[in-house]
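Subject: Handover of a protein structure

Dear colleague,

Please find below the sequence and structure that I am handing over to you.

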Amino acid sequence: MLRRRPLPPPPPPEALRTWPDREALLADRAAVLGDLTARLIGMPRLLLFLLQVALLQLGWGIAGSGLASLGPGLDVPDPLSMLFIAVIFGIATGVLVPAGLIVGSGVRRSRRIRELLDQWAVLDREPATDARVRAPGPSLCWLLACLFLAAFGLWLCFAIPASARPGATTYGEVAYFMGVGVICWVMGLIGIVKAVTHYRWALRLTAPARPVHTPAGSAGG
């Protein structure tokens, strides 16, 4: 079974820090920030995210085949059809539940990565390193891909019910396509929040330090 690489530990408490000089601290800080940024919004991470979307759609597609067998109305199917529908929904549940757990685990892991980024970032400031963790290219790819997902999902949720025609469109078809839209919309929102949150954090990190203003009359005699 494949296991994820463990995340870097948080920086040690100030009393236990053993860096020989500032250069050593900055080197470790740069390595950890770069690694965490890649794990959060790197392109491989985006591909895995889209694979999760595909897995959810696969599970819902299996369920859709059961919905399609319901026919144009809501009549109770015969026992053989009910058995078929039960088997189909059992298989769909076997795909959707693990996929949902994977998505939830990814959201929790992203939250933990952001916490570690905050903890390592406050150790010092280094313009070259801090500029790299903005990762504008990957952030833009995440944002565009997830905007498309969310917009497509929202369009499906409204367009399919509006275009349904009695006798031509079954309840199962409407339910299936709305489910596809909801999955796309929710996953798109998750990705948009991740991209925007990281970019805003990186902008704050690279913002010039504010000068400290001493109260009038506090300097000199």
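The side chain of Asp35 meets that of Arg39 in a salt bridge, with N and O 3.2 Å apart. A salt bridge is counted when a side-chain nitrogen of Lys or Arg is within 4 Å of a carboxyl oxygen of Asp or Glu. The two residues are 4 apart in helix α1, so about one helical turn separates them. Arg39, at 14% relative accessibility, counts as buried. Arg5 joins Asp35 and Arg39 in a network of salt bridges.

**Basis of the model**

The model is predicted: local features need pLDDT of at least 70 and side-chain atom pairs count only at pLDDT 80 or more, while totals for chains, interfaces and linings use all residues. Residues are numbered from 1 along each chain as its sequence is written, and side-chain values use heavy atoms, with hydrogens and water left out.

**Overall architecture**

The protein contains 6 helices and 0 strands, and its pattern along the sequence is α-α-α-α-α-α. Helices (H or I, at least four residues) and strands (E, at least two) are DSSP runs, numbered from the N terminus. Of the 221 residues in the protein, 33% are buried. A contact means heavy atoms within 4.5 Å. Among contacts between residues at least 6 apart in sequence, 89% join residues at least 24 apart.

**Further salt bridges**

Side chains of opposite charge can pair when their charged atoms come close. How many salt bridges does the rule give? The count comes to 5. One of them joins Arg22 and Asp124, whose closest N and O atoms are 2.8 Å apart. Arg22 lies in helix α1 and Asp124 in the loop between α3 and α4, so this pair ties together parts that are 102 residues apart in sequence. Arg22 is partly exposed, with a relative accessible area of 45%.

Another salt bridge is formed by the side chains of Asp130 and Arg29, at 2.9 Å from N to O. Because Asp130 belongs to helix α4 and Arg29 to helix α1, the pair ties together parts 101 residues apart in sequence. Are Asp130 and Arg29 buried or exposed? Both residues are buried.

**The nonpolar core**

A nonpolar core is a set of buried Ala, Val, Leu, Ile, Met, Phe, Trp, Tyr and Cys residues joined through side-chain atoms within 4.5 Å. The largest one has 36 residues, of which Leu36, Phe49, Leu56, Leu117, Trp142, Met187 and Trp201 touch the most other members. Two or more residues come from each of α1 (22-41), α2 (43-68), α3 (79-121), α5 and α6. Helix α6 gives the most to this core, with 9 residues.

Leaving aside residues up to four places away in sequence, Trp142 touches Leu40, Ile41, Gly42, Arg45, Leu46, Phe49, Gly191, Lys194 and Ala195. Ser110 lies in helix α3 and counts as buried, at 6% relative accessibility.

**The surface**

The protein exposes about 13,500 Å², and carbon and sulfur atoms supply 70% of this area. Accessible areas come from the Shrake-Rupley method with a 1.4 Å probe; for residues, only the protein chains shown count as cover.

Which residues make the nonpolar surface patch of about 530 Å²? They are Leu154, Phe158, Val182, Trp185, Val186 and Leu189. Patches are made of residues with over 30% relative accessible area and no salt bridge; like charges are joined within 9 Å, and nonpolar side chains (Val, Leu, Ile, Met, Phe, Trp, Tyr) within 5 Å. Helices α5 (136-163) and α6 (171-206) each supply at least two residues of the patch, and α6 gives the most, with 4 residues. Val186 is placed in helix α6 and counts as partly exposed at 38% relative accessibility.

**A loop residue**

Ala135 is found in the loop between α4 (127-132) and α5. Its phi is near 45°, a positive value in a residue other than glycine. At 11% relative accessibility, Ala135 counts as buried.

Yours sincerely

How values were computed
Buried means under 20% relative accessible area, exposed over 50%, partly exposed in between (1.4 Å probe, protein chains only).
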